[in-house]
Amino acid sequence: MLITMKELLTVAKENQFAVGAFNVADSTFLRAVVEEAEQLNSPAIIAIHPSEHEFLTDEFFSYVKHRVYESKVPFVLHLDHGGSMEEVLRAIRCGFTSVMIDGSLLPYEENVAVTKKIVEIAHAVGVSVEGELGTIGSTGNSVEGGVTEVTYTDPAEARDFVNRTGVDTLAVAIGTAHGIYPKHIKPELQLDILEEINTLVDIPLVLHGGSSNPDSEIAQSVKLGVSKINISSDMKYAYYKKAREVLNTTEYWDPNVIYPECILEARKVINHKMHLFNSVGKASLYDKVVTPKTVEKAVASSRY
Ligand SMILES: [Zn+2]
């Protein structure tokens with residue numbers, strides 16, 4: 001089934017688990033995420049960055065919707081780091097059930113204004129919105145980018161931002177970075193900031209750049225209100241490590257011969273994350289979720 005982020009994360013927050021948002025950049029990664037989710041009876045978020053959307057083209061989403069619509073496992077189709085009204089509307093037109101508008105690099109008041117505007121438009125058609133406050137770091141090797149100096153989310157500002165914009169979820173900056181960390185740098189989360197935000201803000205929180213943080217910190221963050229954790233680099237790294245190995249040791253050229261093993265490697269990472277986030281077996285909690293008619297109609301009319 002295809003549901004909205006609000007529906008997905010309301011249940012997750014109530015039941016103290018997080019859902020992985022996996023950046024899917026082609027059909028083999030889509031298969032890895034969807035098949036592992038079904039195998040573990042775990043909900044999952046299919047995340048698409050605007051640069052991935054551009055690469056995939058709009059038609060790809062007919063396949064995505066067709067694949068997940070009849071599944072017994074709940075999925076959300078989500079735009080990751082939408083940077084403009086055009087990118088957000090393009091995603092909504094393609095049937096996404098959730099969009100992120102990332103105004104985190106704008107001055108605070110401008111971030112509030114642009115996010116509020118997107119919320120008005122997206123909510124009118126039943127689509128959820130994620131905003132971002134504070135900045136996520138960059139390790140320099142991810143398409144998602146980021147900044148070199150992380151600005152931590154200010155808890156009081158987070159409360160003001162949520163109240164004024166009406167966002168459904170909020171990405172917070174507590175010391176994570178996009179990409180895989182160089183070996184000499186140890187990532188560390190500022191869990192005290194997270195704890196304070198969680199006492200002031202009611203909506204589910206989102207952790208970006210969760211690839212290399214220690215498992216114990218990730219598990220702790222779920223207890224402190226994080227309901228969505230973005231995973232991209234870990235999964236893609238495992239996939240292409242295997243791809244390099246296969247290509248370096250054989251003369252294969254058929255994708256259907258090369259990629260199955262790579263998909264399995266990506267699935268191992270997804271499997272680990274789903275266990276870590278405590279989302280395994282949680283799909284059955286969604287049996288009673290009723291998707292708003294606007295979304296259902298939009299999905300049904302654009303599903304093939
Ligand atoms: Zn991100």
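Histidine 81 is buried, with a relative accessible area of 9%, where buried means under 20% relative accessible area, exposed over 50% and partly exposed in between (1.4 Å probe, protein chains only). Histidine 81 belongs to strand S3 (residues 75–82), and its phi is near 55°, a positive value in a residue other than glycine. Helices (H or I, at least four residues) and strands (E, at least two) are DSSP runs, numbered from the N terminus. The model is predicted, so that local features need pLDDT of at least 70 and side-chain atom pairs count only at pLDDT 80 or more, while totals for chains, interfaces and linings use all residues. Residues are numbered from 1 along each chain as its sequence is written, and side-chain values use heavy atoms, with hydrogens and water left out.

A positive phi, of about 55°, also occurs at glutamine 16, which is not a glycine. Glutamine 16 is found in the loop between helix H1 (5–14) and strand S1 (19–23). With a relative accessible area of 45%, glutamine 16 is partly exposed.

The chain contains twelve helices and ten strands. Of its 304 residues, 55% are buried. The accessible surface of the chain is about 13300 Å², and carbon and sulfur atoms hold 53% of that surface; accessible areas come from the Shrake-Rupley method with a 1.4 Å probe, and for residues only the protein chains shown count as cover. Among the contacts in the chain with a separation of 6 or more, 75% are between residues 24 or more positions apart, a contact being heavy atoms within 4.5 Å.

Threonine 169 lies in strand S7 (residues 169–172) and counts as buried because its relative accessibility is 1%. With neighbours within four places in sequence left aside, threonine 169 is in contact with Met5, Leu9, Val129, Glu130, Gly131, Ile203, Pro204 and Val206. Serine 221 is placed in helix H9 (residues 215–223) and counts as buried because its relative accessibility is 0%. Under the exclusion of neighbours within four places in sequence, the contacts of serine 221 are Leu191, Leu194, Leu207 and Val226.

The loop between S6 and H7 holds tyrosine 152. A relative accessibility of 39% makes tyrosine 152 partly exposed. Its C-alpha atom is separated by 8.3 Å from that of leucine 133, 19 residues apart along the chain. Leaving aside neighbours within four places in sequence, tyrosine 152 is in contact with Ala173, Ile174, Gly175, Gln190 and Ile193.

Aspartate 154 lies in the loop between strand S6 (137–138) and helix H7 (155–165), and at 38% relative accessibility it counts as partly exposed. On the surface, Asp154, Glu157, Asp192, Glu195 and Glu196 gather in a patch of negative charge. The most is given to this negative patch by helix H8 (residues 191–200), with three residues. Patches are made of residues with over 30% relative accessible area and no salt bridge, like charges being joined within 9 Å and nonpolar side chains (Val, Leu, Ile, Met, Phe, Trp, Tyr) within 5 Å. A salt bridge is a side-chain nitrogen of Lys or Arg within 4 Å of a carboxyl oxygen of Asp or Glu. Lys and Arg count as positive and Asp and Glu as negative, with His and the chain ends not counted; the place of a charge is NZ of Lys, CZ of Arg, CG of Asp or CD of Glu.
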